[in-house]
Amino acid sequence: MTLFLKLGWFFRQHWRTYTLALLMLAGVAVLNMAVPWLIGRAIDALVSGAGEARVQLLSLLALGLAVYGLRFGWRLVLFGTSYRLGNLLRLRFYQRLTRQGQAFYNVHNTGDLMARATNDIDAVELAAGEGVLSGFDGALTLLLVLLMMLVVIDWRLTLVALLPFPLMALGFYRISRSVHHQFQRALEHFSRLNDRTQEALAGIRLVKAMGREGAEDAAFAEIAQCAADSNYRVARSEALYEPVIFLSMAAAMALSIGFGAWLILQQALTVGALASFILYLGQLIWPMFAFGWLLNIVERGSAAFDRIESLLETPDSIADCGERVPDGADIVVQGLDFSYPDSRAPALLGIEFGLPAGGVLGIAGPTGAGKSTLVQLLMRYWERSAGEVRFGGQPLQALQLSALRQGFAYVPQDAFLFSISIADNIALSRPGATLQEIEAAARLAAVHEDIVALPDGYRSLVGERGLTLSGGQRQRLAIARALLSDAPVLVLDDALSAVDVQTEQRILEALRRGRRGQSCIIISHRLSALQHADEILVLSHGQLMQRGDHETLMARDGWYSRMYNYQKLEATLDAH
Amino acid sequence: MRTESGQAAADRQGAFRLLGDYVLRDRGLLTRALLLLLLATAADVAGPVLIKIFIDDHLLVEHFEPRALGLLFAGYLVTQLAAAWLRYRQTLRFSEMALGAVLDIRKRVFGHVLRLPLAFYDRAIVGQLVSRITNDTEAIKDLYVQFLSVVLTNLVLLLGIVVAMGLLDLQLMLISLLLIPSVVGVIYLYQRLSGAAVSDSRELRSDINAAVSESIGGMPVIQACNRQQAFVDRFDGLNDRYYRARMRSVRAGAMLLRPAIDLLSVLVLTAVVWGFGLQVEAGVAEVGVLYAFLSYLSRFTEPLAEITQRFNLYQQAMVAGARVQQLLQETPEHWSGGGARIHAGAVRFAAVDFHYRPGKPVLKQLELEVPAGGFYAVVGHTGSGKSTLLNLLLNFYQPSAGTIRIDNQPLQAYSQAALRAGIGLIPQEPFVLAASVRDNIDMGRGLAFEAIQRAARQAHLHPVIESLPRRYETELGERGTRLSTGQRQQLIIARALAGAPRILLLDEATSSVDSETEQVVQQALAELHGEVTLIVVAHRLSTVRQADRILVMSHGEFVEAGSHEELMRGPRGIYASMYRLQQQAHRIEALER
């Protein structure tokens, strides 16, 4: 029940709608109480021969209509409000996501975040809607029915007839417990089945090469049998609900008819009152169910809410408390150290360099040397461990995060495109850019012809429901996006790896000509892309191994010259 | 468009047949379940009848003969207990039927998918296939367990109630019967009104999921472009549309589902009491009948509501069933049952052409002759077609032209078992099962223990295994003993050798291992040289130095051939360049340590 306390802010905020919904629910419960009573009165009126029961029957009709209206109303209000809660949580969750840096995304994988944004929010929504409904309505119905039975009809009859009900409640409780456990087990078996199937199909070549089809069949059959067995156990437990309700109701019925008959003989009860009593009895099943259901969804909702809350309360991984804006675009890095949060080995150690505005910096080195980490630190995707980075004369922490990010046009390794049109994808870096500007950027990135050849040109949708583009096309689109922005520093993080050498040279050439005093940081595995850089840093295991321009580096026997020769050899081999 | 909908209809029909067949599969079980259902319903509806007899024949006429009363009470007790027990048994029978059917469908689909040709897997997405085999069959389970059992049970119950009502009082029954068409009408109206809203909200829901997952993936880009607020706004818009679509469906539901059905039942209740009033006037009324009707009517709406709520499940299960059916319709691999066996292991490719996609040839008029016991190596670029060569030899794919022969017999003459027994494959990824060492070498082939030990000796793994805590029974894999990379490679070699193959294929088995592991492989190859035909596809040239003949492949053709020394003599050749390139790579690696 702490869930309702934690959601207190929402209930307080919407107390009017909740009160309205609860009033309508109460109205339904009260009016419903009148139905059996009216029928009882009608029967008595008819049986006693005192004439017609027109009044009772007409009130019954009116009652039915009123109940219908109230039921319609509370559903709209209560469920609507709970959906609002879901919407609110989803939006907050999304807002949190946009404020988190890479340290956060390294810890939380996408599947887990998705599960929280969908299933967990659903569970909270359910608790705030159906949970409130079953808790309130169940309790109210129970109270009213008992009141009617005890006060209006006959308290002795009530006590006798209710004897089986504690047994029903006990039965519900025990069944729901075992169903819960068995259901968990069934879920486990199901995920084993998934894993097994995944493994077999992922290794299909091996299966076929070894002729293992039969062995795989047998292994699958065994797990599928386990899954079926555990499902059967769930079904067996669930099947117990009905006999428990049925037997309790039959016993209550027998008790009330038997004892009621005796009371009628004693002239202490009328036939109509007994009929009403029996109708009330039927109304007691719902509260019994409601409480079990309530416990269940509140338990789930509360676990889900804790998970959501823990994410909503995770502080920004990058604190945005700077107030200044950069003056110019020169970069100075001094004694920069960095280790990833979950690792002790430093990813970068003692890095020093400077890049004056308008300069070109190349970064090379083997995979895992820390090249991408270095440029991401410049943009504060991570928080450095030691040393200082200054951008436009200011330490990074002193800058507004948005002002810092505006300083860079960044093309990451894997070109990411959103499921929007190509034009919008390019214009992401500068909303409001004209089509001419977008086209100019696409031409610079050597992707204009590709786009024009598409059926809808710049309006073509990309992504899941749209076009599938090749890796090279995606990379060039991402570059066009960066070129459109007028950020003073352009960062290409191995952004041309899927583009052929000729196109790469064309793009780099266009960049050299088109840069209006823009600085440029190029990370590339292909060293030919770095040839014209003012300075090239060669990183290895997070440290600076070599530095200098192309000529200086080639003059020495080191990683750079060896790799350059390797790539030249490779190119001649490719020409074969 | 028309053919598409025709296809969909055919799929639905196929699904219907697939699922229907299973219902009738075990007729004995079905009969028993139905019998239990009928008995349970009969016992169930007998209860109110007995109460009616008590009220009309005893209570109201004050006729209290102990024997008759006792009989009545005993009758009530017995029918109610029996109804509860029978209903329970019947539910279990239906569950058994359902789970049995799903188990069988699962096994069938899994077995079928495993036997689909590799070409199928080139197009298929493994995640999707897995979901077909597990999730879709789970949806079918819901159809059987929920729909079949609940709908059937409730239909029969409804029928039982109607019959019992009819026996008690025809007029009042007819009044109550009005409920059925009106509920059906309301449900129909609901489906019409809510259909669009429900599918809208389902679609928007998946849009929301897609937006979250896309934003998580593209967050660095969003942040780099400072577009956070724009994306939050976009998401908010989506969220809002989702809310409105859901409110539309809640409104339809609130108007027509539970509240409407409850209203109808109040109306019918009123009508029944009114009818009773008429009977009182006519002097033919029995109060007990009214009691029975009240108790029946309170249970009348429940089955109707249940049935309508299950229709959703039915639709989902049919969609899932259609997808499963589609998968079952894929043509499995074709294997001839020829009795040929591989004796010597001579391999011959004659004018073999092959393409994965038309217009993009992978192998062109390929000629290759490997004598039994020969050691041949194929080297070349990624994408030059060298692995395809092995795929064809394993009959994973069939050449588009030309023939492949083993021991002078065409590949088609061999059965699957003969081919798998005659050819051993050492793949690029050393895959270790979470099972014992013995099972890992045996791989479900049921080999003799001697053969397993011999293979382990040949791969120099036997001493290592003997030093393990439980020797050949030691568990490997994630939760068991971890082998070193070299030992894993040895295990894979032992696995391939255990079947005593005449031909051994290595598919880039050394491309991503350290030089120590490579030496293990080289040593094993040297020892097998001459005994078994070796065809080695390699990226690392050091692995193939000792080969009898090295073939250099480029764009689907052999462009150079000869021993290592012969090939190195032509300095301008591809092989020599590749060799130099690898030398250079070693020089770079030396600096990267």
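Me: Helices (H or I, at least four residues) and strands (E, at least two) are DSSP runs, numbered from the N terminus. In which loop is the place of Asp494(A)?
Reply: This is a predicted model, in which local features need pLDDT of at least 70, side-chain atom pairs count only at pLDDT 80 or more, and totals for chains, interfaces and linings use all residues. Residues are numbered from 1 along each chain as its sequence is written, while chains are lettered from A and ligands numbered from 1 in the order in which they are written. Asp494(A) is not a glycine, yet its phi is positive, about 50°. Its place is in the chain A loop between strand S7 (489–493) and helix H20 (501–514).

Me: Is Asp494(A) buried or exposed?
Reply: A residue is buried if 20 or more other C-beta atoms, placed from the backbone, lie within 10 Å of its own, exposed if 12 or fewer, and partly exposed in between. Asp494(A) has 21 such atoms within 10 Å, so it is buried.

Me: How many other C-beta atoms lie within 10 Å of Asp407(B)?
Reply: Asp407(B) also has a positive phi, near 50°, and is a residue other than glycine. In chain B, the loop between strand S4 (401–406) and strand S5 (409–410) holds Asp407(B). This residue is partly exposed because the number of other C-beta atoms within 10 Å is 19.

Me: Which helix of chain A gives the most to the side that touches chain B?
Reply: Contact requires C-beta atoms, placed from the backbone, within 7 Å. By that criterion, 107 residues of chain A are in contact with 102 residues of chain B. The greatest contribution on the chain A side, 19 residues, comes from residues 54–98, that is, helix H4.

Me: At which residue does H7(B) bend?
Reply: Helix H7 (residues 179–217) of chain B has 39 residues and should therefore span 57 Å, with which the 54 Å between its end C-alpha atoms agrees. Among its buried residues are Leu179(B), Ser194(B) and Ile216(B). The bend, the angle between axes fitted to the seven residues ending at a position and the seven starting there, is about 50° at Ser194(B).

Me: Which residue in the turn between S1(B) and S2(B) has a positive phi?
Reply: Strands S1 (residues 347–357) and S2 (residues 360–370) of chain B run antiparallel and are joined by seven bridges. Phe349(B) stands opposite Leu368(B). The two strands form a hairpin with two residues between them, and the positive phi of about 90° in its turn belongs to Gly359(B).

Technical notes:
Contact = placed C-beta atoms within 7 Å. Expected span 1.5 Å × (residues − 1). Pairing = 2+ DSSP bridges.
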